[in-house]
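Hi there,

Here is the structure I promised to pass on to you. Have a look at it first, and then read on for what turned up in it.

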Amino acid sequence: MSLPARPWCAAARLTPPEAYDPLVDFELTPEQREIQALARDFVRQEVEPHAAEWDRERRFPREALARLADLGLMGVCVPEAYGGAGADFLSYVLVLEELSRGDAGLGVTVAVHTSAVTLPLVRFGSEEQRARFVPPLARGEQLGAFCLTEPEAGSDAGALRTRAEPDGDGWRITGSKQWVTNGRYAGTFLLFARTDPQTPGPGGVSAFVLDAGHVRITRDEEKLGLNSSVTSDLVVEGARVGRDRLLHEEGKGFHVAMATLDAGRIGIAAQAVGIAQAAFDVARAYAKERHAFGRAIAEFQAIQHKLADMSTEIDAARLLVYRAAMLKERGEPHTEAGAKAKLYASEMARRQTAEAIQILGGYGYTKEFPVERYYRDAKVTEIYEGTSEIQRLVIARQILGLHAPAAV
Ligand code: CAA
């Protein structure tokens, strides 16, 4: 007896085997280990002792950023020819994980600066633009800011209204942008504006490189967490820019934004792993020291299971992040892998930082221990650089073969 033919079986068999390429190399190279150790030492000595104070005082740690620049970590994966350290993308991800373990605000400052501004300038800039804009960013002499979101265009980024109207051989840009990480302290802004008003939605958008002189910061957000980072609103009031400030082709700005976010999301996922690891470290140490009912609470199965789940989920998230980083480094498609890494790592970090508070009990809810800060910091990783809902949309489109991203 033979089974009736099922068309969906044949379709499943047609899935190309390379889609399952497992990338099972778990070893970091000596260079990656060295960079990881450099970042870890820096965090232990110059971040951890101050992170609670930066959070409490909502202080942007300029001195820590200057030290990161000295160490070459403000352009770690930028080619040496443009002032960077010339390391690979996984090395950069390792740095973000370590920074976020100490202070997630510092993590996002470096993440947006590097993967949302410096790297797209390297990738999409002309030779003249790279030589002009990248070295000050890679050397950490300037900070970068990414300006996509607007009051009426968040998850639906293609609805942006900022307009760039033709003016002589260039444009005059007018509009407002929201949630701009680094905005107040940035020197270079990657800003998206509509050059073709006849084309609604994602088409007709172009990317521009602006200076601090082109924008006006209107306010800074007061946030639940990430208090050592700055998040600004800004306006552009008829700033005149020449063709030398157009990044990539006119009308291709949305592709630049999406490709940038594909890589940026891997960095945010690494940030989430770093925060969760920090929470786990505190929870484990506390469980071994805290006594109840005559023994260390780590001896109770209820606590052991929590720690086992934390450790397992952190491992799983880290592997997703490293896989996505390796795909990006190899120049392979990484939209799906990056979205999966961000989705899982951010939700894991929110869940597991809450569990860390639970293990510490009442102490976890106080400022005496850092876990309440980790919990507040973790939450935003489910929101920025695309909410979890948008990550699920991106993953679903990929696995169903819908809306394949354009080659850029
Ligand atoms: N790479 C390259 N091109 C891509 C792409 C990708 N990954 N994804 C889509 N595109 C292209 C498409 O091919 C299409 O091109 P054509 O018009 O030439 O065919 C174009 O972009 C439009 O794509 P879609 O039809 O898929 O657009 P959409 O409007 O349906 O959906 C979206 C797009 C995925 C929902 C997108 O709007 C999105 O990612 N939204 C979330 C925005 C976001 O992440 N914001 C974060 C702000 S930055 C931030 O948070 C930084 C910070 O401070 C921490």
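Let's start with the ligand and the shell of residues around it. Strand E3 (170-181), helix H8 and helix H12 (388-399) each give at least two residues to that shell. H8 supplies the largest share, with 7 residues. Please keep in mind as you browse that this is a predicted model.

Which residues come nearest to the ligand? There are 26 residues around the ligand, and the nearest are Ser155, Thr181, Asp262, Glu385 and Arg397. Sorted by class, the shell has 14 nonpolar, 8 polar and 4 charged residues.

- Asp262 has an N or O atom in its side chain 2.8 Å from a nitrogen atom of the ligand.
- Arg265 places a polar side-chain atom 2.8 Å from an oxygen atom of the ligand.
- Gly386 uses its backbone instead: a polar atom there is 3.0 Å from an oxygen atom of the ligand.

How much of the ligand does the protein bury? On its own the ligand exposes 1100 Å², and 79% of that is buried by the protein.

Now for the helices. Two packed helices are described by the angle between their axes and the distance between the axes. The crossing of H8 past H10 is left-handed. Their contact is made up of 19 nonpolar, 4 polar and 3 charged residues.

A second pair to look at is helix H4 (residues 62-70) with helix H6 (residues 104-124). Are these two roughly parallel or oblique to each other? Their axes cross at roughly 55 degrees and come within 11 Å, so H4 and H6 are oblique to each other. The crossing of H4 and H6 is right-handed.

Enjoy exploring, and send me any questions you have!

Best wishes

Methods
Residues are numbered from 1 along each chain as its sequence is written. This is a predicted model: local features need pLDDT of at least 70, side-chain atom pairs count only at pLDDT 80 or more; totals for chains, interfaces and linings use all residues. Side-chain values use heavy atoms; hydrogens and water are left out. A crossing is left-handed if the near helix is turned anticlockwise from the far one by less than a right angle, and right-handed if clockwise. Helices (H or I, at least four residues) and strands (E, at least two) are DSSP runs, numbered from the N terminus. Ala, Val, Leu, Ile, Met, Phe, Trp, Tyr, Cys and Pro count as nonpolar, Asp, Glu, Lys and Arg as charged, and the others, Gly among them, as polar. A residue is near a molecule or strand if one of its heavy atoms lies within 4 Å of it. A polar contact is a pair of N or O atoms within 3.5 Å; within protein, one must be able to donate a hydrogen and the other to accept it, and residues adjacent in sequence count only if both atoms are side-chain atoms. Accessible areas come from the Shrake-Rupley method with a 1.4 Å probe; for residues, only the protein chains shown count as cover. Axes are lines fitted to C-alpha atoms, for helices over the stretch in contact, and angles run from 0 to 180 degrees between N-to-C directions. Angles under 35 degrees count as roughly parallel, over 145 as roughly antiparallel, 65 to 115 as roughly perpendicular and the rest as oblique.
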